[in-house]
Amino acid sequence: MEFTCLSKGGCFYFPPCHMLNICGFRIQFDCPVDFSALPIFSPVPFDFDVLSDKELSSHLGHDSLNLENVSEEKTEKPLDVGSLIKAEPCYKIIKNLCLWNPSFTNIVLISSPMGMLGLPFLTREKGFSAKIYATEATTKLGKIMMDDLVAMHMEFKQFYGSEDDAILHWMRPEELKLLHRALRGVAFGQDGADLGGWMPMYSAADVKDCMQKVETLRYGEEACYNGALVIKAFSSGLEIGACNWTINCPKRDIAYISSSIFFSSNAMDFDYLALQKETIIYSDFSSLELMNAIENYTRVPLMDNNLLPLGSNEEALANLLSDPAETVEESEKLSFICSCAIQSVESGGSVLIPMNRLGVTLQLLEQISASLDYSNLKVPIYFISSVAEELLAFANVIPEWLCKQRQQKLFSGEQVFAFVELLKEKKLHVFPAVHSPKLLMNWQEPCIVFCPHWSLRLGPVVHLLRRWCGDPSSLLVLENGLNVELALLPFKPMNMKVLQCSFQSGIKLEKVQPLLKVLQPNFAVLPENLSRLINSNTESFTVFSYSEGKTLCVPNLKDSLELEITSDSAMSFCWRKLHQGNVDITRLKGELSLNCGKFKLFPENAQVATDQRPLIHWGQPDLEKLLTVLSKLGIEGSLQQEVSGAESSNVRFIHIHDPTTGVIEIQESMTIISVVDKTLSARIFYALNSVLDGV
């Protein structure tokens, strides 16, 4: 097994990304976008008319730059709003991912909605054909977020127009030399390699094409890939739909632990007992306590064994992991934010909350509305986003993805979330944009506004910040993970109060070792900084440490493979005792099958059921022959060649007209049957099977 950490991420909004090679398959974990780099770009100007001629030419990308004057400049001017890049933004993906050929990736596993936002960049790459797995809730939330991102970015396109150059204007060498030193560090990285990770924004068509490649799973549902791998998703508790993964294959059982929370006020709790596998890959970098420990100590045990419960049995350790203290701490944070919001509106200011965490947003809506009622304040709450209605509607119909407390509300006849009543009572108002006519008619200040985007460069937050940045009574609530000085640069002078907070985004440091004791793996693959804090001499498992950009080889526990043999085959064995050693040996003869990660041997003449040995086809079907076979089966269709671009010129369609309508899409690497009737689908598959080679 080979494991490569492509990126350790940075915060809740930028999860880690890894590559795993196992049993001849390449598996990628998550595909995020680094939005913390977005503030190097200037937001869309508020008033086009107030720009000077020089600034105007800079905005449109046609200015002539005098490099000689710049080179002679002895001192660099202070960072100000003029230092920001005035161009249509690009988006920073993982630089190390660009070094891997996407056509060789077999599987992509998405652990959270934030880990999905860079997926269209990957799926639009030529040659990409990997199978993508994600939970149903993550897929829906990720799609909503990507649609919102495309809609917010459209404002830049409308201002700057289309960029036809192969190399974007701001990325030209002469332009890069003029960037302020602080911006060059974000754009280039330490070694300059980050420059290759900037991508132009994907389109709505890219998002649609991406979503068609995703296969959705429920928690605990099996997905069998190529007969060799069995993949399952289990709740991580981080966010609604977020998950950890288990992968079973003939030589190894693996559990992948992403950022997880034992107790959640919205999402289903962390199902850690399902992760008891021989190899654990730990990928939770989010603990702030871990970072503090690394900075202050060179080596410190995570927990003194003397402090563990007597006997350290599974039940006692489980009780330790289930300590609800962290839930109380998160509730106190929310209460503090609510108190600050109430103080602002009481003094006549408004509150702006640009957060993209669905769970935290829903909790704040509940608690802030309750605080307003308690204080007898009639202050409107606005939720402004192009996908606000869709997001709230989805949150109200996903009880199976929620924690037990939320599910109990549903069973008792109560509303799962308080926003339903707030909408009915017209305390919460939902609008698609700041320029919506209904919002302008309804607008009232002071108010409390939830809107995207947390980077302070996209969406309604830009317009509202410009409106309130000079009001000392107003409040801006930000989450950690953003360079606040850089993010607020376009809105200076900033008289608005700023409250920066952090919410739990993973497993706390003191719970890592008890968790590993409960899971009892043979191998634990841990981040390098974390592995240094664990005394491996006192543990029953072997620790392997990994670092960003390096490949780690982990040996197999099994030197041989297990083989299931039918009783009929076993009865026909002719055993022979070897002269050396007390060993009996026999020859095996039969048909070897690999399914659900297990090898099975069937008698040579036995008819193996298709569900035990799935057919594997190759080649492309002869379409004229396929139409003839379909006609003999009573299925009428017609051939249509679709040419919408260079990459899609090889995609062909057979439109089914009778007995019902349907479509057969023939691509280079797959054939997709899209019909409503399952019986008709089976007949079409039978026809395809008859014209293709398969085993």
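**A friendly walk through the chain**

1. Let's start with the overall picture. The secondary structure of this chain comes to 22 helices and 33 strands. Please keep in mind that the model is a predicted one. The chain has 695 residues, and buried residues make up 49% of them. Now take the contacts between residues at least 6 apart in sequence: 70% of these join residues at least 24 apart.

2. Which residues of α22 are buried? They are L680, I684, A687, L688 and V691. These residues lie on the same side of α22, because they cover an arc of only 100° around the axis. On the other side of the helix, K678, T679 and Y686 are exposed.

3. Stay with α22 for a moment and look at its N-terminal end, which is capped by D677. A side-chain oxygen of D677 lies 3.1 Å from the backbone nitrogen of T679.

4. Next, find helix α16, residues 460-468. Its buried residues are P460, V461, V462, L464, L465 and W468. What do the buried residues of α16 pack against? Their partners are the strands β14 (351-353), β15 (381-384), β17 (448-450) and β18.

5. Strand β18 spans residues 475-479, and E479 lies in it. Is E479 buried or exposed? Its relative accessibility is 7%, so E479 counts as buried, the cut-off being under 20%. The side chain of E479 makes a polar contact with the side chain of Y13 at 2.9 Å. Another polar contact, at 2.7 Å, joins the E479 side chain to that of R357. If you leave aside neighbours within four places in sequence, E479 is in contact with Y13, M355, R357, Q500, C501 and F503.

6. Now for a sheet. Three strands form an open sheet in the order β23-β27-β26, and the pairing is mixed. β23 (563-565) and β26 (591-595) stand at the edges with a single partner strand each, so one side of each is left without a neighbour in the sheet. From one strand to the next, the twist averages 30°. As a reminder, strands of a sheet pair through backbone hydrogen bonds, either parallel or antiparallel.

7. Both kinds of pairing can be found here. β23 and β27 pair in the parallel sense over three bridges, and in this part of the sheet E564 stands opposite K600 of β27. β26 pairs with β27 (residues 598-602) in the antiparallel sense, over five bridges.

8. Finally, look at the turn in the hairpin of β26 and β27. How many residues lie between the two strands of this hairpin? There are two residues between them, and C596 takes a positive phi near 55°.

Definitions and conventions: Residues numbered from 1 in each chain as written. Predicted model: local features only at pLDDT ≥ 70, side-chain atom pairs only at ≥ 80, totals over all residues. Heavy atoms only, no water. Buried < 20%, exposed > 50% of the residue type's maximum accessible area, 1.4 Å probe, protein only. Helix = DSSP H or I, 4+ residues; strand = E, 2+ residues; numbered from the N terminus. Arc of directions from axis to C-beta. Polar contact = N/O pair within 3.5 Å; in protein donor to acceptor, adjacent residues only side chain to side chain. Pairing = 2+ DSSP bridges. Axes fitted to C-alpha atoms, helices over the stretch in contact; angles between N-to-C directions. Contact = heavy atoms within 4.5 Å.
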